[in-house]
Amino acid sequence: MSALPQGIVSRGQFYNVDPLQVRVRDGHNPRIDFGDLESLKASIREHGVQRPLLLQRSLKDGVLEVIDGGRRFAAVQALLVEGTEIKSIPAILED
């Protein structure tokens, strides 16, 4: 693998991840209110998740946990409950 140009720092690798294999780390998300998710859900239905979530593998059990993108993930979870088929979501896996 070639070195990154000066000033660019790698922060992980980009993947498409099954949303059923992801969870929110207990107590991690400082956001209490996700607001109205309807417009975000509509956008995800039409275009998919456009901005990757930042995930990290749990040291405890190896499960992928949301580090950044909790609102997007909440919208994905709501869509799955409603019966929308979402096979994968874009994610960056942080070491």
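Me: In what order do the elements of the protein run from the N terminus on?
Reply: This is a predicted model. The protein holds 2 helices and 5 strands. From the N terminus on, its elements follow the order β-β-α-β-β-α-β.

Me: What is the order of the strands in the open sheet?
Reply: The sheet is open and has 5 strands with mixed pairing. In general, strands of a sheet pair through backbone hydrogen bonds, either parallel or antiparallel. In this sheet the strand order is β1-β5-β3-β4-β2.

Me: Which strands stand at the edges, each with a single partner strand?
Reply: In the order β1-β5-β3-β4-β2, the ends are taken by β1 and β2. Each of these has a single partner strand, so one side of each is left without a neighbour in the sheet. From one strand to the next, the twist averages 45 degrees. The edge strands are β1 (13-17) and β2 (22-24).

Me: Which residue of β4 does Val-22 stand opposite?
Reply: Strand β2 is joined to β4 (residues 64-68) by 3 bridges, and the two run parallel. Within β4, the residue opposite Val-22 is Leu-64.

Me: What angle does the direction of helix α2 make with that of β4?
Reply: Helix α2 (residues 70-81) packs on the sheet. The strands touched by α2 are β2, β3 (53-57), β4 and β5 (89-94). Its direction makes an angle with that of β4 of about 130 degrees.

Me: At what angle do the axes of α1 and α2 cross?
Reply: Two packed helices are described by the angle between their axes and the distance between the axes. Here the axes of α1 and α2 come within 9 Å. The helices count as roughly perpendicular, because angles of 65 to 115 degrees fall in that class. The crossing angle is roughly 70 degrees.

Me: Which residues of α1 make the contact with α2?
Reply: On the α2 side, the contact involves Arg-71, Arg-72, Ala-75, Val-76, Ala-78 and Leu-79. On the α1 side, the residues are Leu-40, Lys-41, Ile-44 and Arg-45.

Me: Is Lys-41 buried or exposed?
Reply: Lys-41 lies in helix α1 (residues 38-47). Not counting residues up to four places away in sequence, Lys-41 touches Ala-75, Ala-78, Leu-79 and Glu-82. Its relative accessible area is 4%, and the cut-off for burial is under 20%. Lys-41 is therefore buried.

Me: With which side chain does the side chain of Lys-41 make a polar contact?
Reply: Lys-41 is a residue of helix α1. Its side chain makes a polar contact at 3.1 Å, and the partner is the side chain of Glu-38.

Definitions and conventions
Residues are numbered from 1 along each chain as its sequence is written. This is a predicted model: local features need pLDDT of at least 70, side-chain atom pairs count only at pLDDT 80 or more; totals for chains, interfaces and linings use all residues. Side-chain values use heavy atoms; hydrogens and water are left out. Helices (H or I, at least four residues) and strands (E, at least two) are DSSP runs, numbered from the N terminus. Two strands pair if DSSP finds at least two bridges between them. Axes are lines fitted to C-alpha atoms, for helices over the stretch in contact, and angles run from 0 to 180 degrees between N-to-C directions. Contact means heavy atoms within 4.5 Å. Buried means under 20% relative accessible area, exposed over 50%, partly exposed in between (1.4 Å probe, protein chains only). A polar contact is a pair of N or O atoms within 3.5 Å; within protein, one must be able to donate a hydrogen and the other to accept it, and residues adjacent in sequence count only if both atoms are side-chain atoms. Angles under 35 degrees count as roughly parallel, over 145 as roughly antiparallel, 65 to 115 as roughly perpendicular and the rest as oblique.
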